[in-house]
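Thank you all for coming; I would like to take a few minutes on one structure, beginning with a single residue and then widening the view. Please have a look at it first.

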Amino acid sequence: MSSTSERNGAGAGKNGIPAGKPVSTGQQILDKGAQMLQSFKPINQMSQHACTFALYSQDMSRQIETHHFITRLNQDFLQAAVYDSDDSDARLIGIEYIVSDATFEKLPPDEQKLWHSHAYEIKSGLWIHPRMPEMIVTPELKNLAKTYGKFWCTWQTDRGDKLPLGPPSLMMSPQAEGEGVVNHELVTKRDEKYKMSKEDLVKSRIEIPEPEWINPMADYWRQHKKCFGVDVESTKMKIETDYSIYS
Amino acid sequence: MDPVHATIHPEVPGEKTKIGTSLVDTAASAIQSFGPTKQIHQHLCAFHFYADDMTRQVEAHHYCGHRNDEMRQCLIYDSPDADARLIGLEYIVTEDLFLTLPDSEKPLWHSHEYEVKSGVLFLPGVPGPVERKDLEKVAKTYGKTIHFWQVDKGDDLPLGLPQVMMALTRDGQLYPSLAKDVETRYSVSFEKERQNRAYMEGLAHGIHPKANAAGVGLKTVLREIECKPSGQPEPSVHRVFV
């Protein structure tokens, strides 16, 4: 029916113009009213903004800059809403979950192959916390270097999709070699935007230890030379309760 | 008998946040700007079920922002509390935008007309007249929902593939116990709201036959593929399964 390998179709355009009319005054008033009356506890818990890069598993030559707005549930688990920029009109393009190495090692191998490592991103200065002094985030970077992430991208804005099309794509993290090497122009653009330099970060992060072990089931493409696509298929809807899944 | 699974909140494994870590979080939340998430201005509560299994129904808390007058984007949590799990996301578009989608895409979207008109979709804390003003619009939209974390079956971590989710389309689908539980916690009455919303209009062109999983069901499948050599464009493969 629909696949991550599909080319973009109708409803998509090559320019970045969003589909839809601007927000009307009436809607703005409704939104403002709801905002004043409602509480936003889960959203208010977001405590970090990280910017990094990601590669589509079905085509690693397609790479994007990503903005993660992160909530910590405990020392070993983070959840992030991922946007395509840090502007107020950014598009919500997916969700990433981040777990510590301890949690990752307990996952079944079939699950592990969907996750990517973060050590290289941190050490190479690709992962940043915009506007944060490096010294303050160093303890967190040390934590993150040992973590693994699982990132599903639901809106392929890089190919000009005006609306989210198709099934989610599994995303990979940048790595030092092969298909994992991040596009130089993307990094230059990021460096210019935040008035920073990747090379400076590499130097200042030299003290952050490399993990002694990165599980080879993560970054599956590196050891196994295989990538992943996701398809949506037609099936019969179950309408009778099966209690076995709750046992 | 109804299962009571949708209110399971499995504890996420892990140690309590260390003081050093929470200090970084505190500093970052003070210094950094959160442009995209500041646009979130609406909390919507509704139910989703899995596109291949209507018997698995989940209470879903949507936190939405308008991208423009015709599109909202929402983060979905399993509760409205500070320790809520981020379980998915939803895009909501007007009927006009929905109709521009290719036919292969339409089954992934669900209609909202029944959810609104039956009273089960609501904005916690917002008085009825104000709420209805906005829901008049929602009734004419379609949504695309993906869940990544199957909390209803007790997963303490987000495991497996993303799941396409669907919404209620007629009476008799929602578990009465699930409805009762939400009505009690939020002091709302779905039946009363159904009457209050009787005047609302739905989709101008009626519910599209390709929407709501084309009236059948959908499942996601992972496929191991050859990695594309870097720098090579994607081959033009068009997969059709329906």
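This is a predicted model: local features need pLDDT of at least 70, side-chain atom pairs count only at pLDDT 80 or more; totals for chains, interfaces and linings use all residues.

**One threonine and the chain interface**

In chain A, A:T154 lies in the loop between β7 (148-153) and β8 (169-172), where strands are DSSP runs of E of at least two residues, numbered from the N terminus. Residues are numbered from 1 along each chain as its sequence is written, chains are lettered from A in the order in which they are written, and side-chain values use heavy atoms, with hydrogens and water left out.

A:T154 counts as buried because its relative accessibility is 4%, the limit being under 20% with a 1.4 Å probe and protein chains only. Leaving aside neighbours within four places in sequence, A:T154 is in contact with residues of both chains, among them A:P164, B:L89 and B:F148, contact meaning heavy atoms within 4.5 Å.

Turning to the whole interface, 111 residues of chain A are in contact with 121 residues of chain B. There are five salt bridges between chain A and chain B, each a side-chain nitrogen of Lys or Arg within 4 Å of a carboxyl oxygen of Asp or Glu. A:K238 forms a salt bridge with B:D53, with 3.1 Å between the closest N and O atoms. On the side of chain A that touches chain B, strand β9 (residues 226-234) gives the most, with nine residues.

Technical notes. Helices (H or I, at least four residues) and strands (E, at least two) are DSSP runs, numbered from the N terminus. Buried means under 20% relative accessible area, exposed over 50%, partly exposed in between (1.4 Å probe, protein chains only).
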